[in-house]
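I opened the notebook to look up a few places in one structure. My entries follow in the order I made them.

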Amino acid sequence: MNCIDQFGMETVDAVLQLAKVNHWLQGLVVLYSAIDTFAWASRNSGDVTRLDFCGWVSAYMNPTVELDCTPEDLYAARCSLLHSSTTESKMSRKGQARELWYVTSPYSAATMQSHVRQVGATAKVLSMTALIDAFSRGVMKFSDDLSSDEARSRAASDRIRRWLRFVPSEALR
């Protein structure tokens with residue numbers, strides 16, 4: 001298993017473990033951070049930007065089709081969650097993205113959408129299951145793309161080597 005696949009699987013596992021104990025917010029933080037990480041790994045150099053995040057999401061998660069939202073909606077959601085643990089972001093306040101309101105069961109989506117209309121919000125209701133699934137498929141597609149492009153794979157590998165690693169203390173003796 002390559003580093004991309006392993007990081008993706010470990011991320012999904014961490015999100016699902018958090019979900020099992022109803023720590024959905026923390027699961028979203030982990031998921032959006034992982035998307036940032038993959039967007040960074042896809043660059044040749046430099047820091048990850050909004051354009052990188054949106055580009056990775058567009059290329060690998062296909063949110064317009066899979067989630068009925070835009071890459072910018074997901075980026076704004078990432079910003080709001082990571083910076084303030086809310087659904088409102090600078091982009092949503094400026095009308096550049098919709099707020100995302102999450103449901104933990106697809107069966108509650110219609111109820112939440114009805115609530116969105118009742119309160120006069122323009123939020124998009126997003127299923128956590130669908131988001132996790134789109135991320136998982138995105139990781140697989142990213143991994144496949146890298147395996148078929150030696151130059152991109154080499155550039156990503158150079159960046160991935162910098163990922164934080166934990167070594168058991170017994171291995172240091």
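Before the first entry I wrote down a cut-off: a residue is buried when its relative accessible area is under 20%, exposed when it is over 50%, and partly exposed in between. I also noted that this is a predicted model.

**Entry 1: A97**

Is A97 buried or exposed? I read a relative accessibility of 10% for A97, so it counts as buried. I found A97 in the loop between α6 and β1. Leaving out residues up to four places away in sequence, I listed E72, D73, A76, M91 and S92 as the residues that A97 touches. I also looked up the distance from A97 to Y60: they are 37 residues apart along the chain, and their C-alpha atoms are separated by 20 Å.

**Entry 2: the loop between α5 and α6**

I went to the loop between α5 (71–84) and α6 (90–93), where S85 is placed. The phi of S85 is near 55 degrees, which is positive although the residue is not glycine. I noted the general rule beside it: most residues other than glycine have a negative phi. S85 has a relative accessible area of 43%, so it is partly exposed.

T87 is also placed in the loop between α5 and α6.

**Entry 3: N22**

I found another positive phi at N22, near 60 degrees, again in a residue other than glycine. N22 lies in the loop between α1 and α2 (24–41). Its relative accessibility is 58%, so N22 counts as exposed.

**Entry 4: the two strands**

I turned to strand β1 (residues 100–103) and found that it runs parallel to β2, with four bridges joining the two. I checked which residues stand opposite each other. L100 is opposite K124 in β2, and Y102 is opposite L126 in β2.

Are the faces of β1 covered or open, and by the count of which residues? Both faces of β1 are covered: L100 and Y102 are buried on one side, W101 and V103 on the other.

What lies between the strands in the β-α-β unit? I found helix α7 (residues 109–118), which makes the unit together with β1 and β2. I wrote the unit down as right-handed.

**Entry 5: α8 against α1**

At what angle do helix α1 (residues 3–20) and helix α8 (residues 128–147) cross? Their axes cross at roughly 170 degrees and come within 9 Å. The angle is over 145 degrees, so α1 is roughly antiparallel to α8. By class, I have nine nonpolar, four polar and one charged residues in the contact of α1 with α8. From α1 the list is I4, D5, G8, T11, V12, V15 and L16, and from α8 it is I132, F135, S136, V139, F142, S143 and L146.

I then looked up S143, which is found in helix α8. S143 counts as buried because its relative accessibility is 5%. Setting aside neighbours within four places in sequence, I found S143 in contact with N2, I4 and D5.

**Entry 6: α8 against α3**

I looked next at helix α3 (residues 50–61), which packs with α8 at an angle of about 90 degrees. The axes are 8 Å apart. That angle lies in the range from 65 to 115 degrees, so α3 is roughly perpendicular to α8.

Which residues of α3 meet α8? I listed W56, A59, Y60 and M61. The α8 residues that they meet are L131, A134, F135, R137, G138, V139, K141, F142 and D145. By class, the contact of α3 with α8 has nine nonpolar, one polar and three charged residues.

Key:
Residues are numbered from 1 along each chain as its sequence is written. This is a predicted model: local features need pLDDT of at least 70, side-chain atom pairs count only at pLDDT 80 or more; totals for chains, interfaces and linings use all residues. Side-chain values use heavy atoms; hydrogens and water are left out. Two strands pair if DSSP finds at least two bridges between them. A crossover is right-handed if, with the strands pointing away from the viewer, the path from the first strand over the helix to the second runs clockwise. Axes are lines fitted to C-alpha atoms, for helices over the stretch in contact, and angles run from 0 to 180 degrees between N-to-C directions. Angles under 35 degrees count as roughly parallel, over 145 as roughly antiparallel, 65 to 115 as roughly perpendicular and the rest as oblique. Contact means heavy atoms within 4.5 Å. Ala, Val, Leu, Ile, Met, Phe, Trp, Tyr, Cys and Pro count as nonpolar, Asp, Glu, Lys and Arg as charged, and the others, Gly among them, as polar. Buried means under 20% relative accessible area, exposed over 50%, partly exposed in between (1.4 Å probe, protein chains only).
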